[in-house]
Amino acid sequence: MEIRFAGIRHHGPGSTKNLVYLLEQFDPDAILIEMPQETEALFEHIGSALLKAPVSILVHDKKDPSRVSYLPFTTFSPEWQAIQWANKHEKKVHAIDLPLGYFKATENYKQGLLKDFKTLKFSNPLAQMAQLAGFSDMEKWWNETFEQHSEEQDSFHLIEYMMDNLRDLDEPSNKETLVREAFMREQIRAHAKQDYERVLVVVGAWHIPAVKQWNNIKAASDKMLLKPLKKIKVDQFFIPWSYEQISISSGYRAGVFSPAWYEHLYKYNDEAPDRWLILAGRLLRKKGFVISPAQIADAALLARQLAQMRQLRIPGILECWDAIQSIMGTGNRAILNLVWSDLVIGKTVGKVDQSILAAPLFKDLEVQLKKARLSAVLKASDRLKKELDLRKASHLHASRLFHRLQILDIPFAQLRKTSNAKKGSFSEHWSLKWTDSCMIKLSEAGVWGTQIELAAAHKLEHKTGSSEHLGQLVGYLEQSLQAQLASVFESIVDRIFEVLVFNDEPRQILTLIAPLVNMLRYGDLRKMNQSSILELLERLVPNVCSYLPESSAHISEEDAELYVDELMEFNHALDLLEESDYVEQFHAALMRIVKMDQMSAEVQAACIRLLLDKRLLDDTFVLLFLNKVLTGAQDWAYAAAWLKGFLRSNPDLFIYNEPFRVLVDQWVNQLSEDHFRSALPTLRKAFASMQRSSAGQLLTALETPNSGMIGMEESIFEGHPTWEATLRSILHI
Amino acid sequence: MSEQMFLHQYAEEKYREELEGLAAEYKDPKPHNWILSPRAVVHFLIGGSLKSKQKISPKYFGDKRLMEVAVASLATDRALLLVGVPGTAKTWVSEHLSAAICGDSKILVQGTAGIMEDALRYSWNYASLLKDGPSMEAIVPSPVMYAMQTGKIARIEELTRIPSDVQDTLLTILSEKSLPIPELNTEIRALAGFNIIATSNTKDKGVNELSAALQRRFNVVQLPLPKHLKDEVQIVQTRLKAMDFQIELPKNAIPEASIIKLVKVFRELRNGMVDEGAMKLKSPSSGLSTAEAISVLNNAAVLAVHFGDGVISDQDLAVGMTNAVLKDPTNDKPIFNEYLEVVMKNRKDMTGLYEACKKLIF
């Protein structure tokens, strides 16, 4: 029997190519591969139409699904290609690494037989090697030396030789590595007894020197090492994976920096840099940049020149970046961020066919639904409507579950907005329906965890970390409250504080207060500690109040309507909060707005009205102000906008306050027909919220003789519609 | 009679030995008419020692990648445009690049709003033009034309201050590598090695943005302000050492503590954020670049040596600092005052400086 060893790097496209070349040359009848032994059962699917890489094998403790490991593959992973090759040529392929059942057995850690990943220290002799070769970065050195090769070649001897020497230099390996290597040797011994002619062992390059000693090291000593280990039962299956998750930035330890770049290297060899720059140009064009083919050619040229200066055979990802920055981005590095997720990470997402899809979350869902006494929903063929009373424990449980499923984007439970259910009330209306697409979504959500609570928390946490938008973050905060994810709740609050350091745009903060106050009001129901919301408000409200006058001054007339709404909501929120300090600060800010010139008419009027309603301004002052607005040099459009703002909170003021009514009455009467017609839309909006009955009352009030209206009508509206008709057209009745 | 003292020494003279050492050491291929290989040019700018133990002083303190891109651009025959806010060493880099590439940093056009096409093409010696009519002899070459004829680097300072129609003169020069002389029905063709390094300022308003066509001929390298306090302090120290003072200053005239204080204040005001993070500030209208910090320290040193006790005091520093920050007294004063009250007052090592500044602004 002939046995050969191939040292690879996980997810290294160069390794993959060399490996495929070696497979063709050597034509082994069995491949032994460094994968946890249990995963062998899943190998048959690799290369079949049921899977589309990137996918991951998920392994979890059978008894405790929250203890999971992921083993991701891409098309350019050497393991993937090797197994695919074996399946295609009908050769044997075996997984020889230590079963994950050992890793998942807590006993082994307690007794110090294995070590927790977190406590492992990685010495890095490869980094030293890279330094000797004049590279500052190990990734880059490995890429240049072993990955970026055009011709497939058998460089495994070279790697083997290098590793032999490095292992000699390095301090003894940690216990875990020794145990794994002992197990792999045991497996090789076992398979060597089979009737194979040629065997290829595919393991991480680092293990080569240890496993190739299988024949020289005594089997007994390996057995000794393995004997005390305990093993538990695990479950494993495929789930879809994505380039985003495989990239190092996702926190996956054995990931690669740029999956998209590696894919290019794998597909296009030496053409990869050019192809990649073309892709960059095309992506930037979509973002509105004008990138000509000549510019792409220039960038390719610059990348080559840089590679030459940095003594590389072909440009790497850094050289391409520099070229993009200098030629497509006029020196600005930010241009890369615009296309980062497409160009560097890649948007590729894998697929797992439904027939072999298993969703651990589904098991948890069944348990949770049972607790909520809703198991029947899964089998129901009709859409089910469910009203929840959050004061009941079982209903609260259901609501929490539904909100968690919403965070995971599973279209199972939808919250129905009912007209009379107000925010903060005790009831929620849900519509429930289990479909096939729920199952697919549920399996995809498996990447976040194997239990619904943990998965939702993990996903929301991830979204929080990547968001810099305050409104969005407050939305997440509300979600975490509804889903009762206490730990995430706190980290979202922390994140909001963090973002506030560089984003304190007053207008944006203004809109955050109302949702936060709302959460305070119904948060009790969800049994969540809300002291951190109070802390947030302590920071935000004074900030809003101190910048309110200046930021209001920048509001344009077009934007005023929306802004007044925001102000009203803010006012309402402060009223609910009943915190006298805040209210005083807000009133002081409103007073300053009233005194400022150059303010949008609508905004200023709304502020005056707020103060009038709170009895902080008296009628006389407001009347004088109104008189100035209506009769002064200001034009009719200004006056109309002013009235709109003034009446926004409640137009009924004019019914019972005669002096105001008369003043406005006179103003409308003296408008020319053209001006009146132009002002009409604004005035209609001003009165839009008025009830029909109130409008009737207003009409009656105007018709009483002492309003002074009737007499003026004749003289001013000569040839015009009568005042009554005029008012009707304003009130739209 | 001793040698004449000049205020400014050309880079190629000042670093003659370094350039010779680099030329001797680097044997990799050079583009035509370059005196050093591209890698040697980067080495010259970044500094570090040679195998022969000779020391190469660093000229640019920043990301080596930027210098590599700059040199690679010139090696691919594309012109180089260095952009950045004032005081980010654009001119300094362009001078040292040309010294290392063609041994001549003197071929320079200063871009101004009033510049004419002649300054980029050629003008005539009118006496001989009138006497003998147009001929090559009657042509007075511009620096750009001279660089084309000799295969060297021409430097254009403040490219965006040049009016657009004059800028367009560069189009033919950069794309065809030739300069037509219609009067003589001939043209000047550029020798290999010719290229242009231009600089432009991103803070100026009312500049003439490059046309898309011209922009395409340039590779752009943005020189950033130093990222870390440590780097910036080092830049200031090195540049102060390299300065040619008319009167020799005592060795400790500029204590390191003063440099750190000033650079820190400038950085925080410029970035609108306290160095330790977590507190936002307002930024004044002035640029407060590294170059300005150097000039403030320089002035303070001269004040201290000639009118003080020879070592920069907080008062000396405060004068320069306040002048640099308050470019627009009405707007900048409250900003600076807030900084003094909120940040500087609470720093133990800055109490002296705080009081000196307070006295000055009120």
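Colleague: Which residues have the most contacts inside the largest nonpolar core?

Modeller: Happy to start there, and keep in mind that this is a predicted model. The largest nonpolar core has 251 residues. Those with the most contacts inside it are I33(A), V201(A), V202(A), L277(A), A299(A), I513(A) and V41(B).

Colleague: Let's take V202(A): leaving aside neighbours within four places in sequence, which residues is it in contact with?

Modeller: One of them is I33(A), itself listed with V202(A) among the residues with the most contacts in that core. With those up to four places away in sequence left out, the partners of V202(A) are A6(A), I8(A), L19(A), I31(A), I33(A), E34(A), P78(A), E79(A) and A82(A).

Colleague: How many residues are in the other core that lies apart from the largest one?

Modeller: That core lies apart from the largest one and includes V233(B), V236(B), L288(B) and L297(B). Its residue count is 31.

Colleague: Thanks! What percentage of the residues in chain A are buried?

Modeller: Chain A has 35 helices and 12 strands. Among its contacts with a separation of 6 or more, 76% are between residues 24 or more positions apart. Of the 733 residues in chain A, the buried part is 41%.

Colleague: And what percentage of the residues in chain B are buried?

Modeller: Chain B has 16 helices and 11 strands, and its mean pLDDT is 87, with 95% of its residues at 70 or more. For contacts in chain B with a separation of 6 or more, 70% are between residues 24 or more positions apart. Of its 362 residues, the buried part is 41%.

Colleague: Which element gives the largest share of the side of chain A that touches chain B?

Modeller: The contact takes 16 residues from chain A and 21 residues from chain B. On the side of chain A, the elements giving two or more residues are α14 (293-309) and α15 (317-328). Its residues divide into 6 nonpolar, 6 polar and 4 charged. The largest share, 7 residues, comes from α14(A).

Colleague: Are α21(A) and α23(A) roughly parallel or roughly antiparallel?

Modeller: The axes of α21 (residues 470-482) and α23 (residues 506-523), both of chain A, come within 10 Å and cross at roughly 5°. Angles under 35 degrees count as roughly parallel. Therefore α21(A) and α23(A) are roughly parallel.

Colleague: Which residues of α23(A) meet α21(A)?

Modeller: By class, this contact has 9 nonpolar, 4 polar and 1 charged residues. From α21(A) come L470(A), G471(A), V474(A), L477(A), E478(A) and L481(A). They meet Q508(A), I509(A), T511(A), L512(A), P515(A), L516(A), M519(A) and G523(A).

Colleague: Is I156(B) buried or exposed?

Modeller: I156(B) is in strand β7 (residues 153-157) of chain B. Not counting residues up to four places away in sequence, I156(B) touches V109(B), G111(B), I196(B) and A198(B). Because 26 other C-beta atoms lie within 10 Å, and 20 or more is the cut-off, I156(B) is buried.

Colleague: Last one: what separates the C-alpha atoms of L58(A) and T450(A)?

Modeller: L58(A) lies in strand β4 (residues 55-61) of chain A and is buried, with 24 other C-beta atoms within 10 Å. Not counting residues up to four places away in sequence, L58(A) touches V68(A), Y70(A), Q236(A), F237(A), I239(A) and G446(A). L58(A) and T450(A) are 392 residues apart along the chain, and their C-alpha atoms are separated by 9.5 Å.

Terms used:
Residues numbered from 1 in each chain as written. Chains lettered and ligands numbered in written order. Predicted model: local features only at pLDDT ≥ 70, side-chain atom pairs only at ≥ 80, totals over all residues. Core = buried A, V, L, I, M, F, W, Y, C linked by C-beta atoms within 7 Å. Buried ≥ 20, exposed ≤ 12 C-beta atoms within 10 Å, placed from the backbone. Contact = placed C-beta atoms within 7 Å. Helix = DSSP H or I, 4+ residues; strand = E, 2+ residues; numbered from the N terminus. Nonpolar A, V, L, I, M, F, W, Y, C, P; charged D, E, K, R; others polar. pLDDT = per-residue confidence, 0-100. Axes fitted to C-alpha atoms, helices over the stretch in contact; angles between N-to-C directions. Parallel < 35°, antiparallel > 145°, perpendicular 65-115°, else oblique.
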